[in-house]
Amino acid sequence: MKLKVRKDEFERAGLNEGIYFVEVVEDVDELRIVKKSDIPVRFYSEDGKIFADIPDDIVRKHKLLDGEELEIISPKDSGWKHIAMYIH
């Protein structure tokens with residue numbers, strides 16, 4: 001699933017283009033970046049915009065919301081120790 005990513009949120013979280021691994025927190029439909037997981041998320045740029053690619057089967061399996069944008073919450077803003085992501 002290709003999702004739009006806000007460039008300012010991407011940069012605020014300190015992310016770079018490439019592949020990250022996430023775990024799913026099902027009770028809040030949250031994706032958390034972790035060191036080890038079997039769920040990849042690829043961030044890449046296209047025509048000056050940032051996108052994320054999440055495997056469709058993961059979105060269906062975990063019944064994550066179907067949307068067009070991936071919201072990224074930086075620990076700098078949340079006070080959490082992890083980067084959280086939500087599909088909107």
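Glutamate 9 lies in helix 1, which spans residues 7–12; helices (H or I, at least four residues) and strands (E, at least two) are DSSP runs, numbered from the N terminus. The model is predicted: local features need pLDDT of at least 70 and side-chain atom pairs count only at pLDDT 80 or more, whereas totals for chains, interfaces and linings use all residues. Residues are numbered from 1 along each chain as its sequence is written, and side-chain values use heavy atoms, with hydrogens and water left out.

With a relative accessible area of 15%, glutamate 9 is buried. Here buried means under 20% relative accessible area, exposed over 50%, and partly exposed in between (1.4 Å probe, protein chains only). Setting aside residues up to four places away in sequence, glutamate 9 touches Leu70, Glu71 and Ile72, where contact means heavy atoms within 4.5 Å.

Valine 41 stands 30 residues from glutamate 71 in sequence and 13 Å from it in space, C-alpha to C-alpha.

The charged side chains come next. The structure holds 5 salt bridges, a salt bridge being a side-chain nitrogen of Lys or Arg within 4 Å of a carboxyl oxygen of Asp or Glu. In one of them, glutamate 69 and arginine 6 meet through their side chains at 3.2 Å, N to O. This pair links distant parts of the chain, 63 residues apart: glutamate 69 is in strand 6, and arginine 6 is in the loop between strand 1 (2–5) and helix 1. Glutamate 69 is partly exposed at a relative accessible area of 23%, and arginine 6 is likewise partly exposed, at 42%.

A further salt bridge connects arginine 12 with aspartate 77, the closest N and O atoms being 3.0 Å apart. Because arginine 12 lies in helix 1 and aspartate 77 in helix 3 (residues 75–78), the pair ties together parts that are 65 residues apart in sequence. Arginine 12 is partly exposed, with a relative accessible area of 39%, while aspartate 77 is exposed, with 54%.

Arginine 32 and glutamate 30 also form a salt bridge between their side chains, at 2.3 Å, N to O. Arginine 32 is partly exposed at 26% relative accessibility, whereas glutamate 30 is buried at 3%.

Serine 74 occupies the loop between strand 6 and helix 3. Its relative accessible area is 2%, so serine 74 is buried. The side chain of serine 74 reaches the backbone oxygen of arginine 12 at 3.3 Å. Apart from residues up to four places away in sequence, serine 74 touches Arg12 and Ala13.

Notes. Polar contact = N/O pair within 3.5 Å; in protein donor to acceptor, adjacent residues only side chain to side chain.
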